[in-house]
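Hi everyone, thanks for coming. Today I'd like to walk you through a ligand site and the pockets of one structure. Let me put it on the screen.

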Amino acid sequence: MRRKLAAGNWKMNGLSASLSELEAMGKAAGGASDVLICPPATLVAPAAAAAKDTGVSIGGQDCHAAASGAHTGDISAPMLKDAGASHVILGHSERRTDHGERNEDVRLKAKAAWEADMVAVICVGESLTERDAHNTLDIIGGQLAGSIPDGATGHNLVVAYEPIWAIGTGKVPTTDQIGEVHDFIRARLERRFGSGVGRSVRLLYGGSVKASNAEEIFAVSNVDGALVGGASLKASDFVPIIEALNAAG
Ligand code: PEP
């Protein structure tokens, strides 16, 4: 049985005052779903302190592949762990686009996360051009093969399918399109890691999830939750999504 996961990616948003949102999110946590918030790095430690005993886990949004060293401005997985993070988002399309991250970079970062005993939330997703050219599954297959290290388990890996064209745009794929990709990811994980492991990895959908579309997205096969950007910043937007996930069969 895979526990459902509602994950929030605050991106480059949030100041100390935003931590007050965690309390209400925590009240919705503790049901049938796990809740994860990934604030900016400046807030990881205070968020972890604020989320203590609420049932909300805290994650980073990226980490360096090395544990320490001369990498000005970067943050390592052990540093995130030390600050109270249990998860780290890796390979988000904004990192792939803004920072030129390639699959092999993501794979090394995921290894670093595992060495620090953290869960890697690895993002994959196609552009609109790739979808229109009917290349979606090839792209996703390549990202899975290149970004996930050997040694994945249901405890150290979460995969988020995030079509780039759906992120922050209000555009959402049809439930058939989401189901096709999630079934494909599940099959690829089972083929590579064996059916036991492949079936135990949680698969999140991400891209313009909000309270009004959460229920139908969570009804899609192999959707075990969501990675939510904009609608995770405020408890008033995120709690209804957590509740829809708690209610999903
Ligand atoms: C994201 O960036 O991970 C995301 C899904 O953003 P949004 O929910 O705002 O589309």
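I'll start with the ligand and then move on to the pockets.

A quick word on the basis: this is a predicted model, where local features need pLDDT of at least 70, side-chain atom pairs count only at pLDDT 80 or more, and totals for chains, interfaces and linings use all residues. Residues are numbered from 1 along each chain as its sequence is written, and side-chain values use heavy atoms, with hydrogens and water left out.

So, which residues are closest to the ligand? There are 14 residues around it, and the closest are Lys11, His92, Glu162, Gly168 and Ser208; here a residue is near if one of its heavy atoms lies within 4 Å of the molecule. By class, that shell holds four nonpolar, eight polar and two charged residues. For the classes, Ala, Val, Leu, Ile, Met, Phe, Trp, Tyr, Cys and Pro are nonpolar, Asp, Glu, Lys and Arg are charged, and the others, Gly among them, are polar.

Now some N or O atoms next to ligand oxygens. The side chain of Lys11 puts one at 2.5 Å from a ligand oxygen. From the backbone, Ser208 has one at 2.8 Å, and Gly230 has one at 2.9 Å. The protein covers 95% of the 290 Å² of accessible area that the ligand has on its own, by the Shrake-Rupley method with a 1.4 Å probe.

On to the pockets. On a 1 Å grid over the protein atoms alone, a pocket is an open set of points where a 1.4 Å probe fits, with protein on both sides within 12 Å along at least five of seven lines; lining residues have an atom within 4 Å of a point.

Where does the ligand sit? In the second largest pocket, given that more than half of its atoms lie within 2 Å of the grid points. Among the 17 lining residues, Gly168, Ser208, Val209, Gly229 and Gly230 lie nearest the centre of that pocket.

The largest pocket has about 600 Å³ of space. Its lining has 22 residues, with Lys11, Met12, Gln61, Asp62 and Arg95 closest to the centre.

Key: Polar contact = N/O pair within 3.5 Å; in protein donor to acceptor, adjacent residues only side chain to side chain. Points joined across faces, edges and corners; volume = space filled by probe spheres on them.
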